[in-house]
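Dear colleague,

Please find below the structure that I am handing over to you.

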Amino acid sequence: MPAARQLELVINGERRSAEVEPRTLLVHALRDGLGLTGTHVGCDTSQCGACTVLLDGRAVKSCTMLAVQAEGAEVTTIEGFARNDELHPIQRAFVEHHGLQCGFCTPGMILTASDLLTRAPDPDDATIRRALRGNFCRCTGYQSIVDSVRAAATALREGEAA
Amino acid sequence: MSESVIGVSRPRVDAPDKVTGATHFAADGHVHGLLHARLVLSTEAHALLQRVERDAALAMPGVVAVLTADDLPLASAGSDRTTEPLARTEVVFAGQPVALVVAESEAAAEDAVEAVVVEYEPLPAVVDVEDAMLPGRALARVLEEDAGGGDLESIHAGVDKGQEDGEEEQLSGNVLDTVHRNAGDATALLETSDVVVSGTFRTPWVYQAYIEPQVATAWLEPNETLVVSTSTQGSFVTQRELARAFGLPLERIRVIAEPLGGAFGGKLALMEPLAAGAALALRRPVRVVLTRAEDFQATNPASAQVTHLKIGARKDGTLTAIAARMIVDRGSNAGWGVEGITSLLVAGPYRWEAHEIRGYGVQTNRFTFGAYRGPGAPTAAFALETLMDELAVELELDPLELRLQNAVVEDDVGVSGNPFPRMGAVEVLERIRTHPLWQSRDSLPDNEGVGLAAGYWPGGNEPAAAVCRVNQDGTMTVVTSAVDMSGVNTGFAAIAAETFGLSPDQVRVVAADTATGPYSGASGGSKVTYTVGKAVLKAAEAAREKLLAAASDELEIAPADLEVVDGVVRAVGAPDHSITVAEISGKALRFGGRYEPIEGHGGSAQTRGAPSVAAHLAHARVDRETGEITLLAHVIAQDVGRALNPALVEGQMRGGAAQGIGWALYEELVHDENGQLLTGSFLDYAIPLAERVPDIDTLIVEVPAPDGPFGAKGIGEAPVIAAAPAIANAVAAAVGIRLRELPMTAPRVWATLEESGA
């Protein structure tokens, strides 16, 4: 077993350190090393997207990269997504538009939506559905998630205009 | 009076925690000194276990133990997954847990699994369920063990097994159970019917595909109480199963059901015996969390089934008789199968003059059968609703009118031999009739079609209890032990708020564990809102009586002349004479207080069923070159009794329909001829993705359940049932072919198009 090493990360705006083996995946460093259990593990093959986090604002599947690869980057997990103790407009939209049932996929859905809306502030439904194809939901049939992302896009655009 | 809270869409009570990552699922809790277990799975579908070589694994860093069945303190010699969580002497499917590697870290356990060497003496793998039934065929289990004695079957739907069978059919020992439902002379009636259609229908093993893999954590308290924190649909049933596995008194077992990351029938007492067995053996906390690959192989998906079906009708469209022979692949599950429920549901929500239905539960060397949303129902509906469509064509009748003409109404006697309770079969079909998609079905472009299908779920019953407690600040805490699988806690809040006289945001719902909570059965069978919800209603009524007694004393007004509105008790017609719930509760919950705490206990023991029926419309396009089906639109009309929270009801309808789309188009667990799983990851097993599911139009139909809380009933299973046949019928309308096997993959559609020359 290769020796563990000290990993320095910027997570949710804070500098954090954790001891990890070189082989440790980012998702395990977040969950086990740092106690950020809002990032979930749903599959072993990078299909389901439950482990999605933001790396410098872009959605990545944290089961698909090593923790050491995140060094030097800003990592945002669902725990750090709210703004100043208020729900982020995307989070609020998921609450109000019933974009979740069991909630296991929800953090990944929200962070993938954030990536999309950063790049495409006014997406149509087909664009939203394409953006979410790497995030599985078994509960909702997706429609309420699409509704949530569309509502969040509107809220974010209106927020910026205000 | 303030507005009703019933029938109003509100966000789920657990939504804020779920969007912020604050919800702790069962794999998230920190436990001091926790050990991590990983499974060694059988590489053989059928074999005798010769030897487990563990020395190399034990020598690896961080490894604490390698446990086999003999190392667990099991109490009995059963061969079900509760009493034999690790294979003892015979493995009966590839993926069956054989050993547990327990280590200080998950990574160390994972490494050491590779170092455990298991020696097998292979036996013939029984993988063809129809062949397995024939006399003289090899058996899927050769060593005799006691069949289980658990109560996992009754969770899903308490159905009878039909009549005792006097006739002797020659069958192999792989046939574990036969069901015979018979009334009238179906054979003679089919011979004299004006039109008869028939077919053989196949559906594969289908995986629940909850996004949270199975997980359980167990530890011993200093007083020897076994505590299990787990992702389960039912805490009390898990407690009973653990007591059965380890011979412990119930009082020594405490099961905590954590928030559930999806289950759909699949999370009932599979992981807990493993985690608990290891914790009891090692006397340290142990967590078992499956990887997705392990979850695919080692859990309990829905049965494959083969259905031979024949139905008849008179020229005027009156259905005459139904004859079915239904073969259910139970895999290794000797305890129970769906042959009882599927042989009931194959008759659909229709009247028959005679029926002759046989069901067979057959063991093979594939998986362990388990429940998946509407167990046995989607496959039954695929067969029946396809033939109903064919019958309509033969009779030159409208397929919707044919169904309407024969749809059951209250007190019609079903093939169960019992009268149907009130159920909106006619009402949902009538809603579909006026839908624009149905109206436009004859004016579609080439290769497009609209299909219709219907199906129902009988619903389940189990006694349950609940507590409603008013706090010092006037808010209410509702306590149940129901696992919130589908949003039921949000429904409980509405029921309690409406009954007591609070706004829903003044009500908090907590899920208690087996040590502290009122009784509740497992969440399954579409029964929680109907049974636990009724208990919540009665508990809120009991609390309200206490409230009014105290308020009457304070206001000097008779209880009958008081009303409770948004947390204020006031005189009817004189709202200035009032006192708040918080004031009364404050007078009760203090030293020297004069009133009993404002708390109520309520129970329910529903005896009448509350079936839910749903009809689907699918609009599909078929690519004749490739065979690919594109679903363009989907509609579901469902009788939900009363929609306590329409947004959540629509969520169940859409989610169920989407799973039905998975049955129809994508999902299939495939084994090779040796019983090796070929589709053991999400790379090989496709579930519906966001871009493959169309918008699903929901039509809520409310035919109140007489005994349900505010008329509500269980609605979780019905929406999955008839989605696949609606899509199959749309394909038939589009290109004139009839698929007899699910899923309707492009190669199957293409081959059927080629064969038919259509």
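In this predicted model, 42 residues of chain B are in contact with 41 residues of chain A, where contact means that the C-beta atoms of two residues, placed from the backbone, lie within 7 Å. On the side of chain B that touches chain A, two or more residues each come from α1 (15-20), α8 (292-298) and α17 (646-665) of chain B. Of these, α17(B) gives the most, with 7 residues. Helices (H or I, at least four residues) and strands (E, at least two) are DSSP runs, numbered from the N terminus. This side of chain B divides into 23 nonpolar, 11 polar and 8 charged residues; Ala, Val, Leu, Ile, Met, Phe, Trp, Tyr, Cys and Pro count as nonpolar, Asp, Glu, Lys and Arg as charged, and the others, Gly among them, as polar.

As to conventions, residues are numbered from 1 along each chain as its sequence is written, while chains are lettered from A and ligands numbered from 1 in the order in which they are written. Since the model is predicted, local features need pLDDT of at least 70 and side-chain atom pairs count only at pLDDT 80 or more, whereas totals for chains, interfaces and linings use all residues.

Within chain A, the domain assignment (automatic or from a database) gives domain 1 (5-80) and domain 2 (89-161). The contact between them takes 16 residues from domain 1 of chain A and 13 residues from domain 2 of chain A. On the domain 1 side, β3 (52-55) and β4 (58-61) of chain A each supply at least two residues, and β3(A) gives the most, with 3 residues.

Yours sincerely
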